[in-house]
Amino acid sequence: MSSSPLTATPSPLLPAKSKNPPSHHHPLLSYLPHCTTLRALAQLHAVAVKAGLQAHPAFVTRLLTLCTDQRADAAHLDYARQVFDRIPHPDDVVWYNTLLRGYARCGGGGAMEAAAGVFVRMMEEGVAPDTYTFVSLLKACAAARAGEEGRQAHAVAVKAGAAGHEYVVPTLINMYAECGDARAARAMFGRMDGDCVVSYNAMITAAVRSSRPGEALVLFREMQEKGLKPTSVTLISVLSACALLGALELGRWIHEYIKKIRLDSLVKVNTALIDMYAKCGSLEDAVSVFQDMESRDKQAWSVMIVAYANHGYGREAISVFDEMKKQGIKPDDVTFLGVLYACSHSGMVTEGLQYFDSMRDYGIVPGIKHYGCVTDLLARSGQLERAYKFIDELPIKPTAILWRTLLSACGGHGDVDMGKRVFERILELDDSHGGDYVIFSNLCANTGRWEEMNMVRKLMNEKGVVKVPGCSSIEIDNMVHEFFSGDGRHPQSQEARRMVDEVIEQLKLVGYVPNTSHVFHVEMGEEEKATSLRYHSEKLSISFGLINTSPGTTLRIVKNLRVCPDCHSMAKFVSMVFNRRIILRDLNRFHHFEDGVCSCGDYW
C-alpha cells in the first residue's frame, strides 16, 4: 500500500535525525530549495517530523513558501494546508499570509472558501492580521468574483485599521472591479490619497473587462497628465482597450511608446501587441511582432493562431500550430480554440474534427467554447442534423449560445424545420435575445410560412424583446467615429448618407444589385426593401471613410453584429470600383475586401 505524502518513507540520502535541539540554522533547512517535486518535499518533511521540527518556525515557513509559490500546483497547495492543519496552535502571521497568498494565486470559488477558512482560523487563534493578510484575502475574493465575501473582508479591514493602507486600497479597487461593482471601485479610487499607478491599473483593467474601452483610455491619459509612469500591466490593458475599439493608429502610437520606455522585450507585452494588431485588422503587424519576438510562451503562440483563424487564414493557423509543437510547446485549451476556429472559418471539417478528438491526447477536457466551434464547423458545412445531434448528446448541459450557432446556420441554409426545432430549444433556455426571433421569423418568411412568421413577431412583441441596433465604427486621424443603422447621431451622418447614395449609384453601373433576400416584409416591394438596406451602419462607415481619407487608404471597419449579405456585396464592389482595401471585423470574424473579392470566399 502506498503511503500518503505526510507519512512518506524518508530517503536514505537525507541526514539522520539530529541529536541537537532544533535551531534556526538546522541542516535540514538547506535541503528544502533542492526539493523540486512534491514527493521530495514530503520525504524531507517526514525526516523533519522525526527530528522534532514539525513546528519549527523557520522550517514551516520555508516549507509553506515552497508549496505556495508561483510554480506550485493544486497538489502542493493541498499539502501545505495539511502541514498547517497539523500544527496545534499556529501563531505566526507569516504562515497564515503564505497560505492566503497561495489561495489567491490559485483562484476559483474553492480557493476563496479555503482562504476564508484560513482567515477564520487566524481570528480564532488570536493572531492579528496585517496588511499582507488583507491583500491576499481580497485577491482571493477577486479571483473567485466573490463580491459579498469581499465586502465582508473590507469591513474587517476597516475595523482593523488596514483599509486605508497603500497596498490594501488598490487591492480593494481591483476586488470591487473584478466583482462587477464599478460604483464601489470608483468610490475607492476617488478616496485615494495621492496618485498610485497600481490603483490606476486596477481601474483601467476593470474598464476593459467590463467593455468600457473609452473610459480605460481616458484614465490612461489622466495618468500621463499626472506624470505617472505606466507599467507593463497598464499597457497590456490599454492595448486591450484599443483592440475593443479597433483603434489601430492609437495602438501603433502605444507600440512606439512601449519601445521608447523599453518594455518591448516582455513576452506578455508583445503578446498583447499581437492581439491588438490582429483585432484592429492589421494581421501584417501582428505577424511582424510575432516574428520579431526573441522568445515566445504558450500564450504568444496561441494568440497568433487565433489571429490567423479570425482573419480566415486557416492553413497558416495550422502551420503555426505545427511549428509550436515542433518547438516543444504543449498546446492548451486556448490553443485548440484557435485551431478549431481556423478549421471552422475555412471549411476544414475533417481536420477540425480530428483536432477536436486529439485534445484528450494532451489531457485537455473540451469546454463550452470548443463545443461551440465544433457545432459551427458542422453547421456551416450544412451538416445541420449532425450538429443538432452533437449538441443534444453533449456530456454537459448545452447553452443557448450553442443552439444559437445552429439557428444561424439554419437561416443560412434555409432549413426552416430544423430552425423551428432549434428555436424552441433556445426559448427553453433564454427567451430574451432579439436576434433569435429575427433569424427564425426571417427563415419562416423566406419559405413562405407567413403565419408562423407573424406568430414569432407577435411573441417577440409580447416579450418586449428588441433587436440590437447595428453599429459600425471607423478610426480616422486617431478618432473613432460610430454610426448606427438608420439614425443620425453622428454630426456628419447626413453627409455620410449622401455619399452612400452616390456610391450605390456608381456601383449599380458595374453590376451591383441590392441583395434583399434577407428583408421580409409582405407589404414591401423590392425598391422599398432596397431602401431599408441602404443606410446600414457598415455602408455609412465605409462612405464616411471614402469622404475623409485620401485615395488608396485602407478602410478598417468594426461591426457589432454579423455583416449582412447586402453590405458584404456592397463592400466587394467598393473595393473594386474605388480601389480601396476594406478590412471589416464583424461579430464572428474578419473580412478582407480587395479587388472585388473577400478573403472569406463568401463562406461566413
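**Reading salt bridges, helices and a patch**

Guide: Lys 539 has a relative accessibility of 1% and counts as buried. Keep in mind that the model is predicted.

Visitor: Which residue forms a salt bridge with Lys 539?

Guide: Asp 566 does, with the closest N and O atoms 2.8 Å apart. The two residues sit in distant parts of the chain, 27 residues apart: Asp 566 in helix H29, Lys 539 in helix H28 (residues 537-548).

Visitor: Is Asp 566 buried or exposed?

Guide: Buried. Its relative accessible area is 1%, and under 20% is what buried means. Lys 539 is also at 1%.

Visitor: How many salt bridges does the structure hold?

Guide: The structure holds 33. Some of them join up: Arg 81, Asp 85, Arg 121 and Glu 125 form a network.

Visitor: How should I read a salt bridge within one helix?

Guide: Start with the geometry. An α-helix has 3.6 residues a turn, so residues three or four places apart point the same way. Now the cases. Glu 256 and Lys 259 are three residues apart in helix H13 (residues 248-260), so about one helical turn separates them. Their side chains meet at 3.4 Å, N to O. Glu 256 is partly exposed at 47%, and Lys 259 is partly exposed at 38%.

Visitor: What separates Asp 275 and Lys 279 in helix H14?

Guide: About one helical turn, because they are four residues apart in H14 (residues 267-279). Lys 279 is partly exposed, at 35% relative accessibility.

Visitor: Which residue caps the N-terminal end of H6?

Guide: Asp 130. One of its side-chain oxygens lies 3.1 Å from the backbone nitrogen of Tyr 132. After H6 comes Arg 145, with a positive phi near 55°.

Visitor: Which residues make the nonpolar surface patch?

Guide: Leu 509, Val 510, Met 576 and Val 577, over about 380 Å². Patch members need over 30% relative accessible area; Met 576, at 43%, is partly exposed. Met 576 lies in helix H29 (residues 565-577).

Visitor: How far apart are the centres of domain 1 and domain 2?

Guide: 27 Å, taken over C-alpha atoms. The domain assignment gives 368-462 for domain 1 and 471-598 for domain 2.

Methods
Residues are numbered from 1 along each chain as its sequence is written. This is a predicted model: local features need pLDDT of at least 70, side-chain atom pairs count only at pLDDT 80 or more; totals for chains, interfaces and linings use all residues. Side-chain values use heavy atoms; hydrogens and water are left out. Patches are made of residues with over 30% relative accessible area and no salt bridge: like charges are joined within 9 Å, nonpolar side chains (Val, Leu, Ile, Met, Phe, Trp, Tyr) within 5 Å. Accessible areas come from the Shrake-Rupley method with a 1.4 Å probe; for residues, only the protein chains shown count as cover. A salt bridge is a side-chain nitrogen of Lys or Arg within 4 Å of a carboxyl oxygen of Asp or Glu. Buried means under 20% relative accessible area, exposed over 50%, partly exposed in between (1.4 Å probe, protein chains only). Domain bounds come from an automatic or database domain assignment. A polar contact is a pair of N or O atoms within 3.5 Å; within protein, one must be able to donate a hydrogen and the other to accept it, and residues adjacent in sequence count only if both atoms are side-chain atoms.
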